[in-house]
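Subject: Structure for you to look at

Hello,

Here is the structure I said I would pass on. Please open it next to this message, and read the notes below with the chain in view.

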Amino acid sequence: MTPYDARKLSRRRLLQATAAIGTASLVSRPAFAQPQLQQTSLVLGDQAGGLRALFEASRTLEGAPFAWRWANFQGAAPLFEAHRSGAVDTAMAGDLPVLAAAVGKTPLKIVATRVGKPESLGIVVQAESKIRSVADLRGQTVIVSSARGSISQYQLYGALEEAGVKREDLTIKFVLPTDAAAAFASKQIEAWAVFDPYYTIATQQGGRILRDGRGINTGLGFITASEAALADPAKRTAIVQFLDRLARAGDWALANPEAYAQAYTQLTRLPIEASRIITARSTVAGRPVSEADIAALQNVADRSARDGILPVRVDVRAITDAELWRRPA
């Protein structure tokens, strides 16, 4: 039995863990500025501390010629609210939240792709639940995190379609992940569609996986930059250098999985067993946006418009700046 066994996990400890990965905050970090960028500062949007953990573990932001601050949020919805208001210069999120942000008139451009594993999200149920398949969700209530237009909503709708279940046959509610995590731990929620790190926390608590994201979700994440930041020559240069360092950080994480997991544990205060799972399947590898990435995201956009997840179809190419960053050889 691991120390994170949910049967021994108190509600207080769960709230402490989820608060550590979900509370919005700004943390200043030192940087060594080159003359042309010494007055430039980026606010880097993050979810659940994942990007910050990657950079702190790899140390690839050390010596950057620009200043930076971290802005951490529990999910994509509040992160993109900050993006829309101009409070962050960059953000990282899964495929559908980026599309939802574009529908919401967030002035952004996709500037890089991150590659993860689709099993980093899914639908979980309580261990003792009588729900044994997606078809059994008929007549049930399913909680989706974090908000409409999330990768979890796309996951749920895809699983329902696969199982031949109409969305009208169940009740779907949207709850932010930290609140849903506490409710799931106290067994107030029976079925929950959610993403890492909350997904792994739920399974470490004894939750049973009903259907993971393989075959439904792309496993792709994206880095976006605000149009205002891209219009500022100094910030534009800093963003390119940030992406160079992000790619190096991903290379480091793939080569040093245990060190990455240990750093993630130190930042989030999650047990190492959970951190090893989360970091092993997180969106780590970074690359320039390719034509295949645009096509994959356009497919998500088209399906989401068809299924009513998004109110309109998004033209992915129109919200992409594929020329900003070309990874150095």
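Two residues are in contact when they have heavy atoms within 4.5 Å of each other. Counted that way, residues 24 or more positions apart account for 81% of the contacts in the chain with a separation of 6 or more. Please keep in mind that this is a predicted model.

Overall picture

The chain has 329 residues, of which 57% count as buried. Its secondary structure comes to twelve helices and twelve strands.

Helices α2 and α9

Helix α2 covers residues 50-58 and helix α9 covers residues 233-255; they pack with their axes 9 Å apart, at an angle of about 75 degrees. An angle of 65 to 115 degrees counts as roughly perpendicular, and α2 and α9 are therefore roughly perpendicular to each other. On the α2 side, the contact is made by Leu51, Leu54, Phe55, Ala57 and Ser58. On the α9 side, Phe242, Arg245, Leu246, Ala249, Gly250, Trp252 and Ala253 take part. Sorted by class, the contact of α2 with α9 has nine nonpolar residues, two polar and one charged.

Helix α6

Helix α6 runs over residues 177-185, and seven of its nine residues are buried, so α6 is largely enclosed by the rest of the structure. The buried residues in α6 are Pro177, Thr178, Ala180, Ala181, Ala182, Ala183 and Phe184. Just after α6 comes Lys187, which takes a positive phi of about 65 degrees.

Thr279 in helix α11

Thr279 is found in helix α11, residues 272-280. Is Thr279 buried or exposed? Its relative accessible area is 8%, and the cut-off for buried is under 20%, so Thr279 is buried. A polar atom of the Thr279 side chain lies 3.5 Å from the backbone oxygen of Arg276. Leaving aside residues up to four places away in sequence, Thr279 touches Tyr260, Ala261, Tyr264 and Val284.

Salt bridges

Side chains of opposite charge can pair when their charged atoms come close. How many salt bridges does the structure hold? There are 17, and these are some of them:

- Lys235 with Asp89: the closest N and O atoms are 3.1 Å apart. Lys235 lies in helix α9 and Asp89 in the loop between α3 (76-85) and β4 (90-94), so the pair ties together parts that are 146 residues apart in sequence. Lys235 counts as partly exposed, at 21% relative accessibility, whereas Asp89 is buried, with a relative accessible area of 6%.
- Asp302 with Arg313: the closest N and O atoms are 2.8 Å apart. This pair links distant parts of the chain, with Asp302 in helix α12 (residues 291-306) and Arg313 in the segment after α12, eleven residues apart. Asp302 counts as partly exposed at 32% relative accessibility, and Arg313 counts as exposed at 52%.
- Arg59 with Glu62: the closest N and O atoms are 3.9 Å apart. Arg59 is exposed, and Glu62 is exposed too.

There is also a network of salt bridges, which links Glu161, Arg303, Arg306 and Asp307.

Regards

Conventions: Residues numbered from 1 in each chain as written. Predicted model: local features only at pLDDT ≥ 70, side-chain atom pairs only at ≥ 80, totals over all residues. Heavy atoms only, no water. Axes fitted to C-alpha atoms, helices over the stretch in contact; angles between N-to-C directions. Helix = DSSP H or I, 4+ residues; strand = E, 2+ residues; numbered from the N terminus. Parallel < 35°, antiparallel > 145°, perpendicular 65-115°, else oblique. Nonpolar A, V, L, I, M, F, W, Y, C, P; charged D, E, K, R; others polar. Buried < 20%, exposed > 50% of the residue type's maximum accessible area, 1.4 Å probe, protein only. Polar contact = N/O pair within 3.5 Å; in protein donor to acceptor, adjacent residues only side chain to side chain. Salt bridge = Lys/Arg side-chain N within 4 Å of Asp/Glu carboxyl O.
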